[in-house]
Amino acid sequence: MSFPITRHRRLRGTAGIRGMVRETILNTLDFIQPIFVTYGTGVKNEIGSMPGVYHFSLDMLKAEVDEIAALGIPAVLLFGIPETKDAIGSSGFADDGIVQEATRLIKQWYPELLVVADTCLCEFTDHGHCGMVHTHTVDGVVHGDVINDASLELLTRTAVSQAKAGADIIAPSNMMDGFVQAIRTGLDENGFEHVPIMSYSVKYASAFYGPFREAADSAPQFGNRKTYQMDPANLREAIREADSDVLEGADMLMVKPALAYLDVIRTIRDQFDLPLVAYNVSGEYSMVKAAALQGWIDEQAVVLEMLTGMKRAGADIIITYFAKDAARWLQG
Ligand code: PBG
């Protein structure tokens, strides 16, 4: 027994000493702020399940980006709500698509602000799946699945059009097999060999995406995403997914969601050397917001504790709808 020679409380006595021995420091430079851009004009609509998060039409976007840039947040992640959807998500890879137009504007306003483009089709397909589907109807009920390899072609076109518009980082979230290699090849063939891929390597089929699907109008119209997103029960499979992405040329890895998957973040950090991103997803945001609005928790303290936990678990970068708030709080 070393007590009372060892007294852990010695290093907790004052704010000064606690600060000196603190192991994990949040930094605004770690944050990526997601933005939802939509068609139309004059739109700044709050998303019902995500208080404080809005749909912006392009003419209303500048003030939001000004705020993000002024706070010193280094990057935004763009999601688009298109005016039209079809079976192959062609508004996702149109050169005048909503994400492409928003990217051009942001890069014009703030050349230094990094634009990360989410490369997926679920916001652009009429069936809400992340690729091309084949379906059949039994007794009026639609069944179907996403066709992997045909989807890769569409996703590659999407990534190339995003890079062409000026996206600094391509972040494919579709969970098709081979998507990193397909997109890497497509980018390289089109002169974008310098554009990094932030791969949603370890993406679970999670109920925590619920509010996002309202925000992005991307809920699957039949079935679910369990044939391509991972089973929340699996950890070893996360290593296999990350392994494939590394072999295929990913520049950064991601674990998503974050809060219920801190063990996965730690495991991937220990096994791989690439920069690691944690995605603090919509449902994690909404739960905290809802409790805060009820006055049941101290929002600032809870958010900073959660984000610190993600970083302590091993994340280098955090995608979070709280980025602006957290940046403000960190800057006092
Ligand atoms: C697109 C995509 C999703 C999210 C990010 N990209 C939704 C999904 O897979 O259904 C979720 C983000 C969030 O919940 O904040 N595939």
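Which of the 18 residues around the ligand come nearest?

Modeller: Keep in mind that this is a predicted model. K203, R213, K256, S282 and Y321 come nearest to the ligand, out of 18 residues around it. Sort that shell by class. It has 10 nonpolar, 3 polar and 5 charged residues.

Now take the polar side chains one at a time. Start with R213. An N or O atom in the side chain of R213 is 2.7 Å from an oxygen atom of the ligand. Go on to S282. One of the polar atoms in the side chain of S282 also lies 2.7 Å from a ligand oxygen. Then look at Y321. Here an N or O atom of the side chain is 2.6 Å from an oxygen atom of the ligand. How much of the ligand is covered? On its own, the ligand exposes 400 Å², and the protein buries 100% of that area.

Next, the space itself. The ligand sits in the largest cavity. A search of the whole structure turns up 1 cavity of 30 Å³ or more. The volume of the largest cavity is about 150 Å³. Its lining is made of 19 residues, and C122, K203, Y209, F212 and K256 lie nearest the centre. By class, the cavity lining has 9 nonpolar, 4 polar and 6 charged residues.

Compare the two lists of names. K203 and K256 are among the residues that come nearest to the ligand. K203 and K256 are also among those nearest the centre of the cavity.

Stay with K256 for a moment. A cis peptide bond joins K256 to P257, with omega at about -10 degrees. P257 is in the loop between β10 (252-256) and α8 (262-271).

Y321 leads us to another space, the largest pocket. This pocket holds about 180 Å³ of space. It is lined by 16 residues, and the closest to its centre are G52, V53, Y285, Y321 and K324. At least two lining residues come from each of β1 (31-38), β3 (50-57), α2 (61-70), α9 (282-293) and α11 (323-330). The pocket lining counts 8 nonpolar, 2 polar and 6 charged residues. So much for the pocket. To close, return to Y321: this residue is among the nearest to the ligand, and Y321 is also among the closest to the pocket centre.

Key:
Residues numbered from 1 in each chain as written. Predicted model: local features only at pLDDT ≥ 70, side-chain atom pairs only at ≥ 80, totals over all residues. Heavy atoms only, no water. 1 Å grid on protein atoms, 1.4 Å probe; cavity = no way out; pocket = protein on both sides within 12 Å on 5 of 7 lines; lining within 4 Å. Points joined across faces, edges and corners; volume = space filled by probe spheres on them. Helix = DSSP H or I, 4+ residues; strand = E, 2+ residues; numbered from the N terminus. Nonpolar A, V, L, I, M, F, W, Y, C, P; charged D, E, K, R; others polar. Near = heavy atom within 4 Å. Polar contact = N/O pair within 3.5 Å; in protein donor to acceptor, adjacent residues only side chain to side chain. Areas by Shrake-Rupley, 256 points an atom, 1.4 Å probe, with all protein chains shown as cover. Sits in = over half its atoms within 2 Å of the grid points.
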